[in-house]
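Please keep the sequence and the structure in view while reading.

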Amino acid sequence: MMAKRQAFKIDMHVHSMYSGESPAEPRDIVEAAKEKGLDAIVITEHERLSLSLPFEELRKTAGHLKIFRGVELSTDAGHMLVYGVTDEDWKDWGADRVCSAQELIARSAKLGGLAIPAHPYSLEKRNAFDNAPSVVVDERIKHLTGLKALEVCNGKHSRFPEVCEVLGRYAASVNLPGIGGSDAHMPEEVGRAYTSFRVPVYSARDIVREILRGHVWPQADSLKLTTSRISAFVICEISM
Ligand SMILES: [Zn+2]
Ligand SMILES: [Zn+2]
């Protein structure tokens, strides 16, 4: 009998006090990730890759939890997450401005990384009291070339499980893998959405390779409630 393989769970989108919107201390973020049973987190502070440098120190005390670093940038096609680039190569490119998404995709790829649209959707309310707005895929990402994946599940929007469904269906229709991340700014939000990887990853380059292979599945707490309604989703077959 084959041994049961565990999926490798990574919260791909985590912030701390260095993103300037919360008082979350890096060590509290790391503790929360361990408590949630995640295998790894990617710190994606706003604007500058170098902001997450203090997390390097925490690797020593993080136990089994792996800590990787990326960055979230503002572009003309919305926020984008960058993975798999080094401080030396990246040099905080794109900070404090709205950069060109197309340029960001090209630059990331040239350096062996990946740029992935974060939360690429909007909620359209029919009126001010609409509690069930419709989820619309951000038009701006539809015109980009060279995209390799989309953030399909974002923990900030667990009130709207349709977001995961709509983005998952769109990603499937354009043949792109989806990832999930909590977008946590507070420790208690860590792990609300994450990505299941088929194999363990040991470096940021491994993350890029596995996403390019499509061996990743977006996951969110809210998904558990709606799984029966999801058709286009490939739910991870590997036992969690
Ligand atoms: Zn964002
Ligand atoms: Zn974010």
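Two residues are in contact if their C-beta atoms, placed from the backbone, lie within 7 Å. Helices (H or I, at least four residues) and strands (E, at least two) are DSSP runs, numbered from the N terminus.

This is a predicted model, in which local features need pLDDT of at least 70 and side-chain atom pairs count only at pLDDT 80 or more, while totals for chains, interfaces and linings use all residues. Residues are numbered from 1 along each chain as its sequence is written, and chains are lettered from A and ligands numbered from 1 in the order in which they are written. The pLDDT, the predictor's confidence in each residue from 0 to 100, averages 90 over the protein chain, and 90% of the residues score at least 70. Over residues 225-240, however, the pLDDT is below 50; this stretch has 23 contacts in the model beyond near neighbours in sequence.

Two strands pair if DSSP finds at least two bridges between them. An open sheet of 7 strands with mixed pairing has the order β5-β4-β3-β2-β1-β10-β11. Its edge strands, β5 and β11 (216-220), each pair on one side only. On average, neighbouring strands of the sheet are turned by 30 degrees against each other, direction ignored; axes are lines fitted to C-alpha atoms, for helices over the stretch in contact, and angles run from 0 to 180 degrees between N-to-C directions.

Within this sheet, β2 (residues 40-46) runs parallel to β3, to which 7 bridges join it; E45 stands opposite V71 in β3. On the other hand, β3 and β4 run antiparallel and are joined by 5 bridges, and a hairpin connects them through 2 residues. Here T75 has G78 in β4 as its bridge partner. Strand β10 (residues 193-197) is likewise antiparallel to β11, with 5 bridges between them, and T195 stands opposite P218 in β11.

Burial can be considered next. A residue is buried if 20 or more other C-beta atoms lie within 10 Å of its own, exposed if 12 or fewer, and partly exposed in between; the C-beta atoms are placed from the backbone. By this criterion β3 is mostly covered, with 9 of its 10 residues buried.

In helix α4 (residues 101-110), the buried residues are A101, L104, I105 and S108. Seen down the axis of α4, they fall within an arc of 100 degrees, so they line one face of the helix; the arc is that of the directions from the helix axis to the C-beta atoms. These buried residues pack against β3 (66-75), β4 (78-83) and β5 (114-117). The helix α4 lies across these three strands, running at about 145 degrees to β5. G112, with a positive phi near 85 degrees, follows α4.

Helix α7 (residues 204-213) has A204, I207, V208, E210 and I211 buried. Its buried residues pack against β3, β4, β5, β9 (178-181), β10 and β11. G214, whose phi is positive, near 80 degrees, follows α7.

Finally, a nonpolar core is a set of buried Ala, Val, Leu, Ile, Met, Phe, Trp, Tyr and Cys residues joined through C-beta atoms within 7 Å. The largest such core has 62 residues, and I10, I41, M80, I116 and L167 have the most contacts inside it. Helix α6 (residues 162-173) contributes the largest share of this core, 5 residues. I116 touches M80, L81, A149, L150, E151 and I179, not counting residues up to four places away in sequence.
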